[in-house]
Amino acid sequence: MIRFLAPVTARLEVMPGVWQVHARAPEVARAAQPGQFVMALRGASFDPYLRAAVPLHKIGAEHVAFLLDEQDQAGLAVPALDATLDLLGPLGHGFTLDPAAQHLLLVAQEMGIAPLLALAEQALARNVKVTLFALSARQERLYPPELLPVEIEYRAFLVREEAESAAFDRVLLEALPLTDGVCLASAEALYRRLGARIMADPVRRRAGLVQVWNPERIGCGMGLCLTCVTQTRQGPRRTCTDGPVLDLYDLV
Ligand code: FES
């Protein structure tokens with residue numbers, strides 16, 4: 001983990017109020033893995049004192065990108081184009097891409113696309129087929145497919161009511177046997193619901209099938225404050241250092 005200053009090099013509003021922010025950070029780009037995060041200073045005055053945990057959205061050779069929501073009061077404010085970000089990282093345990101995997105299914109609920117795009121790009125670079133299911137209760141929070149690599153098979157799901165939610169679950173459960181693994185970034189309610197259904201199936205119920213990006217309650221981001229401790233089958237785990245990517249099997 002290193003502290004680095006990253007000048008903002010580009011900003012693009014990809015959905016209403018949601019910005020893809022690119023910054024030059026060769027040190028972190030070389031070291032980072034999809035699913036990891038950085039701790040970003042929120043302002044020059046150290047007020048608020050705690051940094052914000054921000055997932056790496058894209059990881060390039062010299063640049064990284066973040067996906068920032070103007071409405072997220074707990075997150076990092078969208079910086080100006082001439083700003084310099086003060087970051088610590090990369091931090092945490094990211095996604096594991098099985099070298100034998102041939103087909104990966106990614107499931108992103110709204111801003112859950114933030115940590116998954118870097119993973120999709122890494123998988124495609126290894127010739128792994130990638131399917132992305134994006135779901136949201138709002139059309140404007142479905143990631144624009146034209147911003148995704150063309151090789152990704154993309155399906156968007158508007159999930160506004162119970163029937164649409166049940167239909168999404170059915171599609172996901174039917175897709176499971178066709179993939180070598182699932183990586184999911186969603187609200188806790190969704191991964192717990194899907195987890196309960198997957199674990200109820202003795203054929204699919206196994207460790208290693210579904211990785212969940214679960215950044216709940218990250219405070220210090222470095223394993224010191226214990227605010228992020230979550231209970232798992234393996235005992236208590238710190239989301240910031242043992243995660244934020246954890247095995248669904250351990251969580252439900
Ligand atoms: S956020 Fe402080 S220990 Fe995990």
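Biologist: Leaving aside its neighbours within four places in sequence, which residues is L116 in contact with?

Modeller: This is a predicted model. Contact here means C-beta atoms within 7 Å. With neighbours within four places in sequence left out, the partners of L116 are L106, A108, C183 and A185.

Biologist: Which residues touch the most other members of the largest nonpolar core?

Modeller: That core holds 69 residues. L116 is one of those that touch the most other members.

Biologist: What is the strand order in the open sheet of 7 strands?

Modeller: The pairing is antiparallel. β1 (residues 2-15) and β2 (residues 18-24) are joined by 6 bridges. β2 in turn pairs with β6 (residues 63-69) over 7 bridges. The order is β4-β3-β7-β1-β2-β6-β5.

Biologist: Which strands stand at the edges of that sheet?

Modeller: An edge strand here has a single partner strand, so one side is left without a neighbour in the sheet. The edge strands are β4 (52-55) and β5 (58-59).

Biologist: In β4, which residue is the bridge partner of M39?

Modeller: Strand β3 (residues 37-40) and β4 pair in the antiparallel sense, over 4 bridges. In β4, the partner of M39 is A53.

Biologist: Which residue in the turn between β1 and β2 has a positive phi?

Modeller: The two strands form a hairpin, with 2 residues between them. On the strands themselves, E13 has W19 in β2 as its bridge partner. In the turn, the phi is about 80° at G17.

Biologist: Across from V18, which residue stands in β6?

Modeller: β2 and β6 run antiparallel. Opposite V18 stands D69.

Biologist: How much does the twist average from one strand to the next in the open sheet of 6 strands?

Modeller: The order there is β10-β9-β8-β11-β12-β15, and the pairing is mixed. β10 (153-158) and β15 (245-247) stand at the edges, so one side of each is left without a neighbour in the sheet. From one strand to the next, the twist averages 20°.

Biologist: Which residue in β15 stands opposite W213?

Modeller: β12 (residues 210-213) and β15 run antiparallel, joined by 3 bridges. In β15, W213 faces V245.

How values were computed. Residues are numbered from 1 along each chain as its sequence is written. This is a predicted model: local features need pLDDT of at least 70, side-chain atom pairs count only at pLDDT 80 or more; totals for chains, interfaces and linings use all residues. Two strands pair if DSSP finds at least two bridges between them. Axes are lines fitted to C-alpha atoms, for helices over the stretch in contact, and angles run from 0 to 180 degrees between N-to-C directions. A nonpolar core is a set of buried Ala, Val, Leu, Ile, Met, Phe, Trp, Tyr and Cys residues joined through C-beta atoms within 7 Å. A residue is buried if 20 or more other C-beta atoms lie within 10 Å of its own, exposed if 12 or fewer, and partly exposed in between; C-beta atoms are placed from the backbone. Two residues are in contact if their C-beta atoms, placed from the backbone, lie within 7 Å.
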